[in-house]
Structure formats: structure tokens, C-alpha cells
Amino acid sequence: MERETGRLELISWGGTTFYGFVPFPLPPEPPLDLGGELQSLLERALVAIGRLDAISALLPNPTLFLYGYVRREAVLSSQIEGTQSSLSDLLLFELDQAPGVPLDDVREVSNYVSALNHGLELLRSGLPLSNRLIREVHRRLLASGRGSSRRPGEFRREPVWIGGANPATAEFVPPPPEQVEPCMAQLERFLNAPAPGGALTRAGLAHVQFETIHPFLDGNGRVGRLLIALVLVEAGLLTQPLLYLSLYFKQHRREYYRLLNLVRERGDWEQWLAFFFTGVEQTANGAVGTAHRLVELFERDAERVRGSGRAAGSMLRVLEVLRNRVLSTATRIAEDAQLSFSTVERSLSRLAELGVVREVTGRQRDRVYVYREYLDILTEGTEPPG
């Protein structure tokens, strides 16, 4: 179905004039056609989210999965914006053991983790999903690194454009600065009103609208992807933010941008939602599968360690620490496991012989150990673009 989705408004800036696109408020008019195949896709996506939300009953400690999965998402979302950091880079950075990694890149990824956690804390404190919350998330996202001079937490007061060296050659020009506040106020009202198709449809529509408004000078893509998780948590579809679409968007990047433009040019929200619901179903099912694999891994490795005789007790405590932090130093592990340094060193040596852990620095001092297969599972799909 074709719709008018906005209007062009003249922008005068730096001695030049060009047009920016001002989107009409949500929900779309005429109303969405959520019947037929699209309804089926929505229902399958909701079933998959339900399975994902029930994952806390499967995992012995759901925070284990959340810790790694949030960091995996941070790496993927930042890679879409052009960073070269890997999950290992981020984990080393968090250990203050990051020689040779691209510091600005890894700081951006670390800020993403902080921004997501901050947004969730604000929601749980009672702050509604609002422009205030979005600005707070953005402030945390750009707190340090390359974006720190790009007015963190403030809506832009100058034009931006997407693609091309200037507005004349741009692929898309978002609304002029004076329309950002009104557009975001309309989006805030939509986020807090009943939506046709429920919260999942609201998340899909709001993501496109946010990307179209592009309210900040920098970080719009990352905040727009965070917004999806925040909508679903706020609506109660997920108790933990375990649904992240960055890998799906990364794998289908051309189609993602094609469909964003199709919405803006022809108002074809249905094609976008079909893509979005498909991604939600695939991503949620993938997360459930990952959780099953991790549970099997933890149980299998614990059983192998139990056969190690008298040393098994301390080895299991070291392994438990590495479940909570997949990459760590012997000193940190000794503190967390409340074991002596020498006991931890012996346990790590035995775990390395079993093939469970691997030392990754090659140094004699301040060595870093990784729970090898656990990191391999978390890293799937997060390799930096070459």
C-alpha cells in the first residue's frame, strides 16, 4: 500500500538551500494492513519472543547470558557504524588490558554497553519511555571518544544528511533543525499510546521514525537500535533485553536501507514490518539456540572437571568465575573465586590441559585467560568487517 509519509521543507544553511524530509506522525494513515502473511509473521515473531523471555527458566544464572549477549550486541551495533573492534577487544578493554586495540573504537563499544544499562535503569526507576530517557541514553553513548564533542544528550541544532559529501549529493536529508523537537514530541506520544499490532509493531514503526528524524548529530543508528530493546522491555514483552537485531541488520544491510527508503518514498510500512518481524523471529530463535548451547557447554565442562580428582573443587570455582566473565586474569580470578593466586594458577594450567581455557597474551606476567568455547559461541557473526 502506498501512502504519503511526509513533506519536504526548505533548509537554508551555509549559503546554500536544500530540502529536508519531515515525516508525518505515527501511526501511519491509512492504517496498516496487518492481515494475511504479515499477521502470520507477527504471530511467529511473538511466539519466538515468548520463548526467548522464558530463557531465564532454562539458564542456571540468566545474568551470565545477559552479560555476554549485551556485549556482543554492542560490538555488532558499533560495527555497523564503522568501528573495527571485536568482542575480545571490548573484554580486554574492560580488564584494562587492551594494548594494540583501536582505543576510540573500543571506547565507543564500551559506551554502548553503558548506554543500554543506563536506559534500563531509568525504565526500572519509573521514568517512562520518553525523549528525556532517549537523551540520557545518548548522553551516555557519547560520553567519551570520538562523539564526545557532538553535543551528547542534545537534539541537533543544525542540518545533517546521510550519504554523499554534501546535501546536494546526499541519499537522504532528515528534517531541518527546527522540526526535530516537534517530530520527537510526536514520536514520544506514539511510544506511549496503544499501537495497532501491539508493542512489537510499535517498536518496528518507532525505529524507522527515529532513523528518519535523525535527532542527534551523531549516534543515531546506535540509539535507534537500542530503542527497539527498550520498547520491548518497557512493554513487558521481555523481562531482560535479550533481543538485538544488529546482526540481522548487518547481514541484510542493503535490504534494511532499501526498506527504510521505501517507507519514506512510498509509505510501504508493510514491507518494512515483514522484514522486521522476520528478523525478530530469526534473532529470538537464534538467541534461544545459543542459550541451549551455553547450558550444554557449561554442564559438559563441569562434568569433565569433576573427574580431575582433588583439584576439581578449585577448578570448578575458577570455571564459575569465567562463566561470569569469559576473559580474565589470574589475579582477578583469585579475587573473585576467593582462592590463592597459586591455586588459581594451578587450576588454570589444568583447565588449559583439558582444552577449556586458553592463555591469550603469551606473556609471563599479567597473563589473560579466556573460556575458549564460550567466547567462540559469543563471537559468532561479530568478526570486524575487513
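Helix H12 (269-306) makes the greatest contribution to the lining of the second largest pocket, supplying 6 residues; helices are DSSP runs of H or I with at least four residues, numbered from the N terminus. The model is predicted, with local features requiring pLDDT of at least 70 and side-chain atom pairs pLDDT 80 or more, whereas totals for chains, interfaces and linings use all residues. Residues are numbered from 1 along each chain as its sequence is written, and side-chain values use heavy atoms, without hydrogens or water.

On a 1 Å grid over the protein atoms alone, a pocket is an open set of points where a 1.4 Å probe fits, with protein on both sides within 12 Å along at least five of seven lines, and lining residues have an atom within 4 Å of a point. Helices H3 (62-80) and H10 (246-251), like H12, each provide at least two of the lining residues. By class, 7 are nonpolar, 5 polar and 4 charged, where Ala, Val, Leu, Ile, Met, Phe, Trp, Tyr, Cys and Pro count as nonpolar, Asp, Glu, Lys and Arg as charged, and the others, Gly among them, as polar.

The largest pocket has a volume of about 670 Å³. Of its 36 lining residues, Glu81, Ile162, His214, Gly221 and Tyr257 lie nearest the centre. Helices H9 (220-234) and H11 (253-266) each contribute at least two residues to this lining, and H11 accounts for the largest share, 6 residues. The lining of the largest pocket consists of 13 nonpolar, 11 polar and 12 charged residues.

Definitions and conventions
Grid points are joined across faces, edges and corners, and a volume is the space filled by probe spheres set on the points.
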